[in-house]
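Thank you all for making time this morning. I would like to walk you through one structure, slowly and part by part, and I will ask you to keep it in view as I speak.

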Amino acid sequence: MCEPVLVRLGDVFEEKEKPKEWECYVEELGIDSRNYDKFFMPKGYPWVEKIQKGIIRELKKLGHEIYDSRNISYDKVCVAPSGSPEEEIEAELFEVWLVDGGIDRVEEYRTEEVGKYIGPAYSKEQIEDTQADIEKVIRQLDKREIVSKIEDTFNYSKSTRNFEGICDSLDLNEGELVWAILEKTRGKAMGSTTLGLMKVSSSDGQFILENPFCFPTFSADKQELYNEIKSNGQFELIHHGRSGFASRNYWEIKPFEKPKEYNVKVINEFYPGPGGDSRFMIGEKDITVNDYSLEDVEKAKEVLQKAIENQTLKSEARFLNEFKQVSVDGVFAIIVQGGNEEEYVIPEGQFLEGFRARKKNTKDYRLNMGHTEAVGYIDIARAEESLKNGKIHMAVPEEYMGIMIGKGGQNINRIQEKLVDMGVSDSRIKVILHPQLKEKSNIKLEEIDSAIQKEKNKEIGGEIID
């Protein structure tokens, strides 16, 4: 067996846009063997794919450090044992140079011993325990996903499930709670899966078991909503999904404990696979289990609704503040939304959307992201306050004048009609647009009023005033 070494990568050729001095080995991971591969993945140390976000998150909960560095691997991350290194070792220290092999030639690696490493390292037992933790997490997540899929498809099995016949033979009643176990008797997924507490139900005369406790969920990309609910401290947030895109996963809100006791029957379903007929039987007639209650579901729903309301109020406040900062006259402002910009909640009934203009094509369903748009908003209350002699003056950036007016004045006419419908005036309104020059973007409302008085003879409803 080779003596342990510590490997460092240096002097990488610049054509790949990599730094000249590039650490390839993370000291905290311990000591490598000399037989490193082309990715410089430390031999003997557990790793997982970078895209396996769910596995990585669960490993962090167990106290494992995750080392994600392109100089170790582009698509994998190393998992360090939890706790401190248990061994003290002495090892040779090597530096590695990557040599360009030229066109159609294999790249080569050259090494040179540069000294000794004396310090702590993880023991073989610690590394084996880490690998065991990875396998345990994968099994847990696989089981969770299998159960989720079964619960989703359980009610739609093509098996013959005559409700009355099954209930009569098993002495069950509609609405009764049972402890359900699914036994798959064929195929790769053959085995037993506990579904837990389920409710006996009927659908079009078919016997089904459904989850009696449908706890609320929300998208995993709603970070502020997650923080709001977590700070409440009353409920557990359970992550579902293993996608690298947060919007495709979700959080489920459940109590930390299962406080209520139930005395129920155990029902086994023997499922042979697609196209086969399931067989049902009673395993035990009376067992005591602890589970959630309908009151727990309602409390979880209330917590989610309250958190949504709080986040809505905060988003509306941020919108009002942004409108105030951007608007020149207090009546009209352009807010950029979508893409990487914040998607504000607009206070209901307080603003009229003047137009929407796309700035960037950023729509991505995977990220739950829309196109980046510039949206022109009109403050209804401020518009009503500024109404004089049936006219409302608005400062609009020059580049948006055309879209604000619309083809043949259609958009400005729509805005004028909408303002009347929203109670700004009980008679016809004329909107006067004033160009907001970039160099005059900080002009005050008083200056606009002064300019209006000087140029009354140039006012044309729905047109630009120079």
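Let me begin with cysteine 214, which is exposed, because its relative accessible area is 53% and so lies over 50%. Please bear in mind throughout that this is a predicted model. Cysteine 167, by contrast, is buried, with a relative accessible area of 5%. As for disulfides, the structure holds zero of them.

If you look at isoleucine 229 and leave aside its neighbours within four places in sequence, you will find it in contact with Phe218, Leu237, Ile253, Val303, Leu304 and Ala307.

Next, the aromatic rings, where the count comes to twelve pairs. In one of these pairs, tyrosine 226 and tryptophan 251 have ring centres 4.7 Å apart and planes at 40°, so the pair is tilted. Because tyrosine 226 lies in helix α4 and tryptophan 251 in strand β13, the pair ties together parts that are 25 residues apart in sequence, and both residues are buried. Phenylalanine 319 and tyrosine 344 form an edge-to-face pair, with 5.9 Å from centre to centre and 65° between the planes.

Finally, I would like to look at two loops. Which residues does serine 425 touch, not counting those up to four places away in sequence? They are Leu387, Leu419 and Val420. Serine 425 lies in the loop between α8 (410-421) and β21 (430-436), and it counts as buried because its relative accessibility is 13%, where the limit is under 20%. Glycine 390, in the loop between α6 (380-386) and β20 (391-397), is partly exposed, with a relative accessible area of 25%. Leaving aside its neighbours within four places in sequence, glycine 390 is in contact with Arg428, Ile429 and Lys430. From glycine 390 to serine 427 there are 37 residues in sequence, yet the two are 7.7 Å apart in space, C-alpha to C-alpha.

Note on methods
Residues numbered from 1 in each chain as written. Predicted model: local features only at pLDDT ≥ 70, side-chain atom pairs only at ≥ 80, totals over all residues. Heavy atoms only, no water. Helix = DSSP H or I, 4+ residues; strand = E, 2+ residues; numbered from the N terminus. Buried < 20%, exposed > 50% of the residue type's maximum accessible area, 1.4 Å probe, protein only. Contact = heavy atoms within 4.5 Å. Disulfide = S-S within 2.5 Å. Phe/Tyr/Trp six-rings, centres within 6.5 Å; stacked < 30°, edge-to-face > 60°.
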